[in-house]
Amino acid sequence: MSLRMRAVAVTAGLAVSVTACSGGTVRTAEQGGSTDKPFVYSFNLNVVTDWDPATSYSNENIAMQNIYESLTRYDSTVKQVKPQLATKWVSSADGKTWTFTLRDGVTFHTGRAVDSTAAKEAIERTIKKNGGPAYIWGAVKTIDTPDPHTLVFHLKYAAPLDLISSSGYAAYVYDTKAAGTADPKSWFGQGHDAGTGPYTVASWNKGQETELRLKAVPSYWGGWSGAHYKSIEFRDTPQVTTAWQQLRTGEVSYVQRLNPQLFAQAQHTTGIKTRSTPSFQNLIAFLNTAAGPLKDVSVRKAVQAAIDYDGLVSALKGSGTAASGVVPNGLIGATPGLGAHQNTAQATQLLNQAGYGPGKKALRLSLTYAQGDADQQTLVTLLSSALRGLNVTLDAKPMQWDAQWAQAKAAGKRQDIFLMYWYPDYPDAYSWFLNLFHSASPVNFNLTYLKDAGVDAAIDKLPELTATNRTAAEQAYADLQRKLLTDDAVAAVAYVQTYQRAYVTGADGYVDNPAYPNVVFAYNLRPTA
């Protein structure tokens, strides 16, 4: 879900060969200095919706990024792609051939050695499964394995494959033979894993408060010298007040999101640290273009105009900033001048044109949003109040994510307005447009239900434009945003999130990486007394 900083440099420099630095040596596995106390992550939604590393495309990334690894990893601090399972890589001058050298001495959790054949099998299975995130490999034509440590990608068009291979989804290298004679999809779905990361699944209890437990892999190639967390727990805690109390008592180690009032309190609470980090994640209201009253573009524009964008940002007290279009600042495609503001007079006029609003027929709209998300609740409260003054009733329903998404995809049960966060799968704006606004059957994340051949064609051109002509790519993104948001009014971008985390002081070394939203890389933490 699914971050254009490093990509700016990559796409501007695709005409030259790019080589990464060495990834260093492999340390031997030691358990010395580790702690038996688990790192406990408090989350407000179901953690796991899909265990298959080929198709996973939702909340489970917060766990799977601790279980699985990719060829590369993006470092948001220095805005560079860094080695992970690959120690170095080089591209051809035309950006269409990429050669990766694999790290030596790495094994899957199954015990199988990680070589170029195994890595190729994983990537090709992901491409073949063609799940939500598989589009990241769209440029790949063939993969060669000239020796056990070398992967050579031949591309159909120029693309920054080092950046793509750092994606938070669909870039995992995993053991495709782990299931034996069983169906891999079913095998993974039972809570099994076949990664190379520092942790493996210890237990999974779907629907329970402590939904998932991970344990350290003693043979992890990175080693365990120094202090480490030996286990991780993921708790499903819908109520933010409950999560806060558990953090204060030390029952949990980390709360992914507090409301502004509790975050302010956390900043002055002994034993708790806080961190604020700008993100590439925004909250979008998707408007149903296919059925119901919002099929009328005038009504969609009225809803856009009714949202109190400035009031919402003010109410968030630092946890959100105003958006200008779909693409956040820092990515190619960020376009100034697309910021929205509340205009109730315009909303009234548009509703009246459609036969609704003050003095005319009453209107009722349905909206779904994430249960336990205080920021989405704030938007719902403001929007409900604004629409009530326009003779529009908003039926807003908080839901667990898997139920909300399932309803949105089911014909005949779909909502008028769907609230959802989105962030790019790798540091590039393409993710928003392909996933959210490109027509698709069956429906996946394109929850405006838009079907526009012209929009589809423009979206399809974005990757190669980004790799070969940055100026043209910038213009294409700007044109698409004006059409989608201004002309067709298919969605409203409420704000861009600022990550505000609270965690125990004993978890030293925590750094937020917006390239992997909401992920805590527990291996990098240093637990202290």
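Reply: Start with a term. A polar contact is a pair of N or O atoms within 3.5 Å, where, within protein, one atom must be able to donate a hydrogen and the other to accept it. Keep in mind that this is a predicted model.

Now the helix. α11 covers residues 374–388, 15 residues in total. From its first C-alpha to its last it reaches 21 Å, close to the 21 Å expected at 1.5 Å a residue. Look at its start. There, a side-chain oxygen of Asp-373 comes to within 3.1 Å of the backbone nitrogen of Asp-375. Asp-375 itself is buried. Other buried residues of α11 include Gln-376, Leu-379, Val-380, Leu-383 and Leu-387.

Asn-391 sits in the loop between α11 and β15. Its phi is near 65 degrees, a positive value in a residue other than glycine. Most residues other than glycine have a negative phi. Asn-391 has a relative accessible area of 29%, so it counts as partly exposed.

Next comes strand β15, residues 392–399. Side chains of opposite charge can pair when their charged atoms come close. Here, Arg-364 and Asp-395 meet in a salt bridge, 2.9 Å from N to O. Arg-364 belongs to strand β14 and Asp-395 to strand β15, so the pair ties together parts 31 residues apart in sequence. Arg-364 counts as exposed because its relative accessibility is 51%. Asp-395 is partly exposed, at 33%.

Now look elsewhere. The whole structure holds 19 salt bridges. In one of them, Asp-50 meets Lys-185 at 3.5 Å, N to O. Asp-50 lies in the loop between β1 and α2 and Lys-185 in helix α5, so this pair ties together parts 135 residues apart in sequence. Asp-50 is buried, with a relative accessible area of 18%. Lys-185 is partly exposed, at 30%. These two also join a network of salt bridges with Asp-52 and Arg-125.

Positive phi turns up again too. Ala-170 has a phi near 70 degrees. This residue is in the loop between α4 and α5. With a relative accessible area of 1%, Ala-170 is buried.

Finish with a peptide bond. Most peptide bonds are trans. The bond joining Ser-441 and Pro-442 is cis, with omega about 5 degrees. Pro-442 is placed in the loop between α13 and α14.

Technical notes:
Residues are numbered from 1 along each chain as its sequence is written. This is a predicted model: local features need pLDDT of at least 70, side-chain atom pairs count only at pLDDT 80 or more; totals for chains, interfaces and linings use all residues. Side-chain values use heavy atoms; hydrogens and water are left out. Helices (H or I, at least four residues) and strands (E, at least two) are DSSP runs, numbered from the N terminus. The expected span of a helix is 1.5 Å times one less than its number of residues. Buried means under 20% relative accessible area, exposed over 50%, partly exposed in between (1.4 Å probe, protein chains only). A salt bridge is a side-chain nitrogen of Lys or Arg within 4 Å of a carboxyl oxygen of Asp or Glu.
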